Amino acid sequence: MVDLGKLLNSDLFENLKLELRRGSLIIAVLAQLREEHYGYALRKALADRGMEIEESTLYPLLRRLESQGLLESKWREEDKRNKRFYRLSKDGAHILKQLLEEWQSLNSSLKRIV
Amino acid sequence: MDLLERYLQAVRTYLPTSQQEDILKELGENLRAQMEDKETELGRPLSEDELAEILKKHGHPLLVATRYRQSRHLIGSALFPFYWLAMKIILAIVGFGYAVGVLVLIVAGKSLFEVLGALLNYVGAVLPTFAWVTIVFAVLDIGNNKFHLVEKVTAECNQKFNPRSLPALRPTSDSAGGKPIPRAQTIVEHFFTLAFLLWWIRVSPIRKVALFIALGPVGLADKMPFQMAPVWNTVYWPVILLSIVAIVRQVVMIMHPDRVRFYAVMRLIADGGTVTLLYVLTRASELFVLAPGITDAAKFAEALRIVNLVLHYVMIFTAILTVVECFKHVHRLFRIGRNPAAASSVV
């Protein structure tokens, strides 16, 4: 028999985890794109550093960040394939610096609280 | 790779037309790179099952395409509070228009069915009003997404906001005697008081409405066998006076729903007057008499006796209820007197 309470708790946890991860993912993506990457290579680079992210989340996120002016992209051939490479824009670098400061401040506050 | 092409084709179906090519080109390349990566790892071409596994992990085409779309809404969170407020105000204005229309029909001597028809028309007018207000705000939302006017205005209001300009504290919910009177309740009451007064001061179809409610289809007969007894003439002006007292109270309460002490005092006066009038009426031997010109009086005598008897007891019952109401108002005033928070916000 399904334990409804447990199920609701696990759903709640997943939702809260998602909220917690959302902002961190953006910081991770922006930071990783200080070097140029195309979508799949970026996913692998993040995974190698312990930040797993689904493709179906990452690829639309890249387009959104580009439309917000935080990333720049260009199509370029690599290994005989045409790929879209992303890189942090000037504005993106400025925002990333601010976000990192904010994240560090939050982190140190949390450390004092928890 | 046939499976990949089929997958991309399925994703295409759900993507916005203007972005289809660009998104699919990029998505296709990323998936191909992932597949090639896996082939390098295994040292052989992927089987169809392995291809299917990668695509399955990537997600259902509908979900994948949905993530490329920006979240869509008819009216965004910035405009929604204004939309809801406007909706309530406009529906109230439309309702007020119809209420006035109904009163005009009554005064103009229109038939009962025309009056009821006008009331039903309001229900019919609610849906298109709702639709139009929503359409207008949906268009405004599109504009706001571009120019962010609402955000600019609210930011400015926020800057100018002075907490000292906030209204005085309302009675708290723990002081039942000091709770504000809901405006909607007062407005409905106001409408019925006006309708009653119109009925009282002149013979009009609303008299027929009341007779229909009281007597059923008999009340709609062209020539009524009964008419009001002379005792009603005694209470004619006091009833008008009590109605005016009620109207004054209602107008004040519509403007200031938190003036509960004023409300209680006015209700006490009105209910006291009502009990007095009911006492006068119950003392009368008859409330209705046979109308002049009724030839076969014997035929209606029994019906008249029953009508008078029923009305007599209805009035006694109403008088008891009104006395109970009076006690409630006294209790309310007593509670307000004891509760400084409630007293501070009332007249």
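Two strands count as paired if DSSP finds at least two bridges between them. With that in hand, welcome to this predicted model, in which chain A holds an open sheet of 3 strands and chains A and B share an interface that buries about 1,800 Å².

**The sheet in chain A**
- The strand order is β1-β3-β2, and the pairing is antiparallel.
- β1 (37-38) and β2 (71-78) of chain A are the edge strands; each has a single partner, so one side of each lacks a neighbour in the sheet.
- β1(A) is joined to β3 (residues 81-88) of chain A by 2 bridges, and A:Tyr38 sits opposite A:Phe85 of β3(A).

**Where chains A and B meet**
- Each chain brings residues to the contact: 17 from chain B and 17 from chain A.
- Carbon and sulfur atoms give 45% of the buried area.
- On the chain B side, B:Glu26, B:Asn30 and B:Arg67 lose the most area to chain A, together 31% of what that side buries.
- There are 8 salt bridges between the two chains, including one that links the side chains of B:Asp37 and A:Lys44 (3.1 Å, N to O).
- α2(B) supplies the largest share of chain B's side, 12 residues.

**Helix α11 in chain B**
- The 20 residues of α11 (residues 236-255) of chain B should span 28 Å at 1.5 Å a residue, which agrees with the 29 Å between its end C-alpha atoms.
- Its buried residues include B:Val239, B:Leu242, B:Arg249 and B:Met253.
- Among the elements covering the buried residues of α11(B) are α8 (183-201) and α12 (260-283) of chain B.

Technical notes. Residues are numbered from 1 along each chain as its sequence is written. Chains are lettered from A and ligands numbered from 1 in the order in which they are written. This is a predicted model: local features need pLDDT of at least 70, side-chain atom pairs count only at pLDDT 80 or more; totals for chains, interfaces and linings use all residues. Side-chain values use heavy atoms; hydrogens and water are left out. Helices (H or I, at least four residues) and strands (E, at least two) are DSSP runs, numbered from the N terminus. The expected span of a helix is 1.5 Å times one less than its number of residues. Buried means under 20% relative accessible area, exposed over 50%, partly exposed in between (1.4 Å probe, protein chains only). Contact means heavy atoms within 4.5 Å. Buried area is the accessible area (1.4 Å probe) that two parts lose on being put together, summed over both. A salt bridge is a side-chain nitrogen of Lys or Arg within 4 Å of a carboxyl oxygen of Asp or Glu.
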